[in-house]
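Hi,

Here is the structure I said I'd pass on.

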Amino acid sequence: MQVPRISSGPDLHHVILGSEGTLGVITEVTIKIFPLPEVKKYGSFVFPTFGHGVDFFREVAKQQCQPASLRLMDNEQFMMGQALKSEVKSFWESLSTKLAKIYLTKWKGFKIEEMVAATIVYEGSAEEVGVQEKKLALIADKYGGLPGGEESGKYGYRLTFAIAYLRDLGMDYSVMGESFETSVPWDRVKTLCHNVKQVIRREAKASGITRPILVSCRVTQVYDSGACVYFYFGFNYRDVHEPLEVYDKIETAARDEILACGGSISHHHGVGKLRKQWMPRTIGEVGISVLKAIKNELDPQVGIGIGRLACPSIRAARGVSENEHQSFSRARHLDMGTQLCRVCVTIHLKMPLLPPQCRFASRAVTSSEVLICSKLLPPLSESLRKGECGRIGVFGGSSLYTGAPYFAAMTSLKVASFLRYTGCDMVHVFCPPDAAPIIKSYSPELMVHPSYDRNALKESLHRIDALILGPGLGREEHVMPVVEHVIEAAKEKQLPIVIDADALFLLASNLSLVKGCSNAILTPNYPEFTRLYEHAFEGSQLNVEKRTSGEAAKQLAKHLGCTVLQKGAVDIITDGTQLGFGKTIGSPRRCGGQGDLLNGALAVFLFWALKKDEPSPTIAAALAASQLIRTAAREAFEEHGRSMTATDMLDHLPALISSAEMKSF
């Protein structure tokens with residue numbers, strides 16, 4: 001129905017258009033046509049710092065006087081643009097350039113290594129363009145901006161088009177580069193841009209990239225409530241082992257940081273298959289369920305859009321056996337002389353859902369792994385009183401992240417076990433007031449406390465046997481006192497505590513908080529471990545061998561006086577003296593929430609290990625939790641394939657914990 005406006009429930013057109021081909025095929029398009037503008041004019045401003053430029057953009061949005069296009073280059077991109085300019089031939093042009101540089105640096109105090117540029121396109125009638133120019137000039141002046149001229153504006157847009165060609169050209173010289181984008185509210189633009197660039201630099205260094213890297217960002221679209229930000233990074237991959245894997249690791253860390261800083265998974269590039277892992281964190285488990293329900297209604301046979309968004313794999317949707325034909329996309333790496341590229345091909349062949357190294361039909365859980373779990377768990381008895389099997393406190397959650405504390409809490413309740421044993425009895429979730437109703441709505445079994453108030457926490461801690469700190473906590477400044485108070489309370493009351501996620505990020509700047517806390521277990525992933533290690537041992541080289549052998553984790557655990565569970569392809573577990581490895585085969589699919597499930601299991605096992613006076617309670621608990629969650633991941637992936645989520649893993653826990661015989665999974 002083609003009408004100017006309609007109110008007839010949710011707009012199904014938008015649901016289909018945003019489904020990336022998973023819900024249908026577009027067969028007809030109506031195009032809106034606008035007349036060409038009478039005048040099109042370029043402009044530019046130079047600002048002392050990126051922060052000044054962002055403030056200018058925000059004020060433009062506030063006054064709702066956005067021109068046709070407004071873009072802000074950071075200093076790295078500004079300097080690259082200057083370096084790519086053709087040589088000035090005219091004496092007067094050369095003199096003019098030098099005078100401009102002197103004016104900016106000597107008279108106005110701009111620093112070459114900090115200054116940025118904004119490029120502008122004005123469109124409309126001659127009168128409208130004149131009004132726009134004057135209005136933006138006044139706002140720019142308010143934030144320290146100086147006019148850069150029309151030619152600089154034109155050049156800035158030419159540079160935008162050139163970047164794509166530079167990427168392709170770089171491959172001929174062993175330089176790999178790419179861009180990705182996000183949208184972010186105005187109050188988080190500066191923090192997000194700074195943090196993401198820092199993460200990219202840190203991950204590049206941790207991955208063994210020794211040559212200088214390019215990392216840059218640009219604000220490209222301006223909205224009333226926020227902006228679109230593009231990031232660019234590139235590195236020379238000579239002497240870099242598995243450069244595509246290194247690239248993927250760096251981009252994954254960058255995207256994790258984007259979401260942690262309040263950015264979106266994508267502004268306009270979309271999700272596809274490469275960004276699907278961040279969908280649960282973006283729209284929540286309820287959103288995923290809604291998409292799956294719509295998919296099941298419109299395309300129950302999964303004929304289109306396989307594996308994108310919330311679209312299940314063919315096997316999950318149709319129950320196809322391992323020996324039947326599968327259709328899937330696989331990334332292939334091709335090394336063509338000095339050119340390295342990624343080619344995606346569609347293959348139709350007879351093969352199992354998992355690659356050989358990930359199959360587990362013939363892989364039994366070892367007897368030692370069974371004993372780790374079974375010997376920790378208290379048996380059920382009619383004489384037991386509520387709370388004797390453990391009361392867990394989860395400190396986490398925010399308005400943006402409500403799923404993480406839920407997954408940790410529910411795992412603590414469901415971690416029961418293998419021989420008619422039970423999980424913990426009660427879980428308390430402590431979270432901000434704006435997150436409490438959402439978390440409470442997930443399950444009536446959770447006791448949700450809508451406050452981080454010190455007095456309220458003090459009153460509640462006497463009812464807690466073990467703590468989980470960090471899932472979905474956020475990284476805002478006001479959260480740090482919560483981290484400090486909870487860790488100090490745990491030390492004072494000698495409560496076991498599991499520290500993960502955002503709490504580890506905040507803890508890195510003040511490691512003395514956790515020093516000597518022998519009942520604490522830190523559960524860092526790859527970038528979190530790097531951050532902790534670099535803060536603990538400034539100047540120390542963290543190479544691949546130290547990381548994978550467990551030497552680095554052992555060194556960190558000994559330095560802090562607590563236990564470290566370094567998550568990875570193989571979990572490394574150490575208290576600084578003993579060293580263990582969680583080698584149970586899990587899933588090749590990494591989805592959001594798996595770490596939160598691990599935290600929930602870990603807290604319960606740690607309480608039980610201490611209650612049973614295990615000689616090495618933190619090591620025993622970590623090995624047990626690692627084994628259980630990896631097994632759940634394995635089972636969930638076997639059933640759901642690439643569409644597996646943390647909820648699927650949670651659903652598999654009851655079957656695992658009620659198993660009376662430890663068979664091959």
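**What I found**

Let's start with Arg167: the UniProt annotation "binding site", from an unreviewed entry, covers this residue. UniProt positions are given in the numbering used here, feature names are shortened, and annotations may be inferred rather than shown by experiment.

A quick word on the model before going on. It is a predicted one, where local features need pLDDT of at least 70, side-chain atom pairs count only at pLDDT 80 or more, and totals for chains, interfaces and linings use all residues. Residues are numbered from 1 along each chain as its sequence is written, and side-chain values use heavy atoms, with hydrogens and water left out.

Back to Arg167, which sits in helix α6, residues 150–171 (helices, H or I, of at least four residues and strands, E, of at least two are DSSP runs, numbered from the N terminus). Arg167 counts as partly exposed because its relative accessibility is 33% (buried is under 20% relative accessible area, exposed over 50%, partly exposed in between, with a 1.4 Å probe and protein chains only). Leaving aside residues up to four places away in sequence, Arg167 touches Val175, Gly177 and Glu178 (contact means heavy atoms within 4.5 Å).

Now for the loop between β7 (226–236) and α8 (243–260), where you'll find Asp239. Glu242 lies in the loop between β7 and α8 too. Asp239 isn't a glycine, yet its phi is positive, near 70°. Glu242, also not a glycine, has a positive phi near 50°. Which of the exposure classes does Asp239 fall into? Asp239 is exposed, because its relative accessible area is 75%. Glu242 has 32%, so it is partly exposed.

Cheers
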